[in-house]
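Colleague: Please take me through one part of this model in detail: the surroundings of the ligand. I'd like a connected account.

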Amino acid sequence: MAKVLISAKLDASGPEALRAYEGIEVEEIAPLNGAELIDKLQGSAGLIVRSESKVTAEVIEKCPDLKVIGRAGTGYDNIDAKAAAAKDIAVLIAPGGNTVTTAEHTLALMFALARHIPQANRKLVGGEWDRGFKGIELTGKTLGVVGLGNIGAVVAERAHGLHMKVIGYDPVIDEERAKEIGVDLLPLDDVIKQADIITVHTPMLPETKHIIGKQAFENCKPGMRLINCARGGLVDEAALLEALENGKCGGAALDVYEKEPPEKGSPLVNHPKVVCTPHLGASTFDAQVKVAEIICSNVGNFLTGKDYIGRVN
Ligand code: NAD
Ligand code: MLT
């Protein structure tokens, strides 16, 4: 029997599919970290997490039975994939499972940002009838997409339906792919200079840390609006706060933060020009069924010698 520990709340369809494999035993727990996770993982060949459990080099070192780590999602920056590779432990993700859902959340945030919807809603609920909110039209505006992988590409495609001009930066995709998704591929500096709205969709890597930072806010169009539905560390929050204060940034929509959850009373979360959600990008019934099913069958297939997808190390 190979044991798989699920240290996350997954849609029930995933664990159910995993239990159907012969020779696999499944235990589901609330997300654990550190010594508690190490303790619970002893004897497990598989581990499945979302973003709450941090699978550090120490966890990997101290769990000698581990053969595969599954991430019920796409961003695996909470897993030390290099340390896992050194021990020949596979790290698998659920590619595509939450792509459309996260792209739709990005668009929802773009509309909310453009029309001050949360701010106006708060006032009305508080008893104030304030018709002074003035937004912007999206039609005709230039959207800059930084990172044109699965999610960035869907955002770009949908933005055409809104009659936006779409420009973007991604060091990996080629002109042919950019053409397919209707994006003018430009150097990052040009995207920053030309976009009315910038949305980031890269993985969190050493080279993408603070990809939108002080310099970007200095070079951007005055009043540029920013959306981050990818990873907190991609945007330098101190620089963003300064840019919101001096007007260089006209507003920001955030789903992810450098520290999650952010401090209570965080000046960024409470800023009048900020629209924010608590890392809900992938949180639809549809996406959660898909990622749970993809990752559980991936891990089940891996442990029973069948074909699997989405190995990242
Ligand atoms: P993906 O791997 O399909 O795409 C990432 C793209 O970023 C790739 O095309 C890659 O070439 C590009 N890239 C890499 N380095 C870059 C750089 N320096 N500059 C510009 N582009 C660069 O990933 P995805 O599924 O589209 O996910 C994108 C991001 O969204 C990830 O950070 C992921 O963790 C995050 N995410 C967040 C949520 C959420 O709940 N908010 C949900 C899903 C994914
Ligand atoms: C991801 O990278 O897939 C997201 O952060 C969503 C999640 O944590 O489930």
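Predicted model: local features only at pLDDT ≥ 70, side-chain atom pairs only at ≥ 80, totals over all residues.

Modeller: Happy to. Residues are numbered from 1 along each chain as its sequence is written, chains are lettered from A and ligands numbered from 1 in the order in which they are written, and side-chain values use heavy atoms, leaving out hydrogens and water.

Let's start with the shell. Ligand 1 is surrounded by 26 residues, each with a heavy atom within 4 Å of it. The closest are Asn150, Ile151, Asp170, Thr202 and Asp255. Sorted by class, the shell holds eleven nonpolar, twelve polar and three charged residues. Here Ala, Val, Leu, Ile, Met, Phe, Trp, Tyr, Cys and Pro count as nonpolar, Asp, Glu, Lys and Arg as charged, and the others, Gly among them, as polar.

Now for polar contacts, which are pairs of N or O atoms within 3.5 Å; within protein, one must be able to donate a hydrogen and the other to accept it, and residues adjacent in sequence count only if both atoms are side-chain atoms. Asp170 places a polar side-chain atom 2.6 Å from an oxygen atom of ligand 1. The side chain of His279 has an N or O atom 3.3 Å from a ligand oxygen, and Gly281 has a backbone N or O atom 3.5 Å from an oxygen atom of ligand 1. The protein covers 87% of the 860 Å² of accessible area that ligand 1 has on its own, with areas from the Shrake-Rupley method and a 1.4 Å probe; for residues, only the protein chains shown count as cover.

His279 counts as partly exposed because its relative accessibility is 24%; buried means under 20%, exposed over 50%, and partly exposed in between (1.4 Å probe, protein chains only).

Glu260 and Pro261 are joined by a cis peptide bond, with omega about -5°. Ser266 has 11% relative accessibility, so it counts as buried, and a polar atom of its side chain lies 3.1 Å from the backbone nitrogen of Val269.
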